[in-house]
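Subject: Structure handover

Hello,

Here is the structure I promised to pass on. Please open it next to this email and follow along.

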Amino acid sequence: GGWVLLQNCHLGLEFMDELLETLLTAEIQNDTFRVWITTEQHPKFPITLLQIAIKFTNEPPQGIRAGLKRTFSGISQDLLNVSNLPMWKPLLYTVAFLHSTVQERRKFGPLGWNIPYEFNSADFTASVQFIQNHLKKIDIKKGISWNTVRYMIGEVQYGGRVTDDYDKRLLNCFARVWFNENMFDSAFCFYTGYKIPVCKTLEQYFDYIQLLPTMDSPEVFGLHPNADITYQKNTSADVLDTITNIQPKESGGGSGETRESVVYHLAEDMLEKLPPDYVKARLVKMGALNSMNIFLRQEIDRMQRVITIVRTSLNDLQLAIDGTIVMSEASKNLRDALDNMYDARIPQVWRRVSWESSTLGFWFTELLERNDQLSNWIFQGRPKVFWITGFFNPQGFLTAMKQEATRAHKDWALDKVVVHNDVLKQTREEITAPPSEGVYIYGLYLEGAGWDKRRSILIESTPKILFVQLPVLHMFAVDSS
């Protein structure tokens with residue numbers, strides 16, 4: 001009648017098959033017996049074991065109110081009364097609020113944190129323990145050493161998990177704004193309507209937390225209101241993707257045309273528009289050792305690979321639909337291409353060698369546009385303005401530009417040359433000639449900020465406008481020695 005607990009089962013996948021066999025063959029006498037296993041997601045985890053199991057996931061609560069409730073449900077009245085100092089309870093609540101904030105920012109993706117960190121209750125407990133110890137040791141006349149508190153929270157307890165420089169700066173900003181003498185002022189608030197309550201018992205804290213809004217504005221976490229649009233959009237896309245994935249893959253279609261027929265016509269149309277293979281001999285005439293031409297050759301090699309794979313898989317798909325070749329389970333790539341193309345998504349085999357895009361139509365249009373830029377560069381000469389986001393390796397393009405500038409200036413050393421840029425006021429269409437030095441580029445977008453063209457400075461985002469296209473940038477090299 002007891003329970004067996006097996007933890008981290010993704011680390012012992014071989015034993016999982018043995019466990020499944022044992023569970024299916026063993027004669028278990030007591031109905032209250034259970035096997036409880038914990039695991040991370042793993043593609044090779046036995047699917048049969050998952051199917052006979054009841055799945056249990058422990059997700060972090062959504063919103064500040066739910067987060068604070070969960071945090072305070074792990075706090076006892078004894079901990080609340082552990083110190084008689086008036087600073088203790090406001091500090092405890094502020095750490096709890098910070099804990100909910102750092103977890104809640106994860107849902108906003110890269111807008112919240114560049115890297116999604118696994119903040120958990122251990123970080124909160126360690127921070128509370130530190131503040132408790134710090135208050136025991138402080139000199140009442142000198143007061144709290146705020147630099148110490150901010151350093152321990154922003155650099156050690158929570159900051160210890162943070163590896164990105166900008167994320168660390170953000171966390172230290174929260175610590176600097178929230179952990180100072182102002183927090184004991186009655187007018188202090190994290191955001192309008194989110195104050196530090198004056199409470200003596202846990203019940204009073206729960207009563208106050210219950211009055212907080214159910215849905216939080218992104219501004220509570222220091223984000224622009226537009227961040228919520230991004231979050232809602234991504235959530236909706238995930239839901240729709242899941243619905244599409246679990247739809248039955250039968251041949252019949254609503255319009256009377258079969259799935260195979262729809263994909264066949266689509267493949268036919270794409271093959272017709274697909275550009276021809278590149279002629280490498282043209283590159284030799286342009287000067288094979290020029291740094292920009294070396295970069296161009298690398299881009300063409302990668303684009304040629306994409307074109308070849310797309311052409312091969314489309315031809316194979318047509319043959320498979322015709323019945324000339326067998327679309328068996330072994331040819332997973334063809335099956336994947338058929339399913340994804342029918343759903344207007346990019347087949348896995350294409351995505352692996354190319355770039356991300358929201359739909360198959362956008363992806364194919366971008367393939368044609370990228371190919372146009374490279375073909376025009378070969379046959380019509382160097383472009384006046386480069387579409388930098390149309391390259392596989394934009395960083396390599398800037399490096400090639402640096403090398404070109406270094407060779408033009410005999411007294412420059414490559415390791416001392418740095419890239420600078422000026423944002424111009426012109427759009428791509430208004431550029432009539434290339435710069436005397438460096439390159440003009442376009443295709444960059446701002447997310448999380450706006451652009452004032454008149455003053456050429458960053459400004460706050462306009463409500464409901466998530467992305468802003470930058471004008472043409474002049475990228476050039478400067479000798480820093």
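There are 13 salt bridges in this model. Keep in mind that the model is predicted.

**Salt bridges**

Start with arginine 311 and aspartate 277. Their side chains form a salt bridge, with 3.0 Å from N to O. Where do the two residues sit? Arginine 311 is in helix α13, residues 291-322. Aspartate 277 is in the loop between α11 (259-273) and α12 (281-287). Arginine 311 is partly exposed, at 24% relative accessible area. Aspartate 277 is partly exposed too, at 45%.

Next, look at aspartate 452 and arginine 455. Their side chains meet in a salt bridge of 2.9 Å, N to O. Is aspartate 452 buried or exposed? Its relative accessibility is 14%, so it counts as buried, the cut-off being under 20%. Arginine 455 has 48% and counts as partly exposed.

Salt bridges can also share partners. Asp241, Asp343 and Arg345 are joined into one network in this way. Within it, aspartate 343 and arginine 345 form a salt bridge, with their closest N and O atoms 3.7 Å apart. Aspartate 343 is partly exposed, with a relative accessible area of 21%. Arginine 345 has 18% and counts as buried.

**The sheet**

Now turn to the strands. Which order do they take? Four strands form an open sheet, and the order is β5-β7-β12-β6. The pairing in this sheet is mixed. In general, strands of a sheet pair through backbone hydrogen bonds, either parallel or antiparallel. At the edges are β5 (385-387) and β6 (417-423), and each of them pairs on one side only. From one strand to the next, the twist averages 35°.

Zoom in on β7 and β12. Strand β7 covers residues 439-442, and strand β12 covers residues 473-479. They run antiparallel, and three bridges join them.

Helix α17, residues 394-408, lies across β5, β6, β7 and β12. It runs at about 50° to β12.

Best wishes

Notes: Residues are numbered from 1 along each chain as its sequence is written. This is a predicted model: local features need pLDDT of at least 70, side-chain atom pairs count only at pLDDT 80 or more; totals for chains, interfaces and linings use all residues. Side-chain values use heavy atoms; hydrogens and water are left out. Two strands pair if DSSP finds at least two bridges between them. Helices (H or I, at least four residues) and strands (E, at least two) are DSSP runs, numbered from the N terminus. Axes are lines fitted to C-alpha atoms, for helices over the stretch in contact, and angles run from 0 to 180 degrees between N-to-C directions. Contact means heavy atoms within 4.5 Å. A salt bridge is a side-chain nitrogen of Lys or Arg within 4 Å of a carboxyl oxygen of Asp or Glu. Buried means under 20% relative accessible area, exposed over 50%, partly exposed in between (1.4 Å probe, protein chains only).
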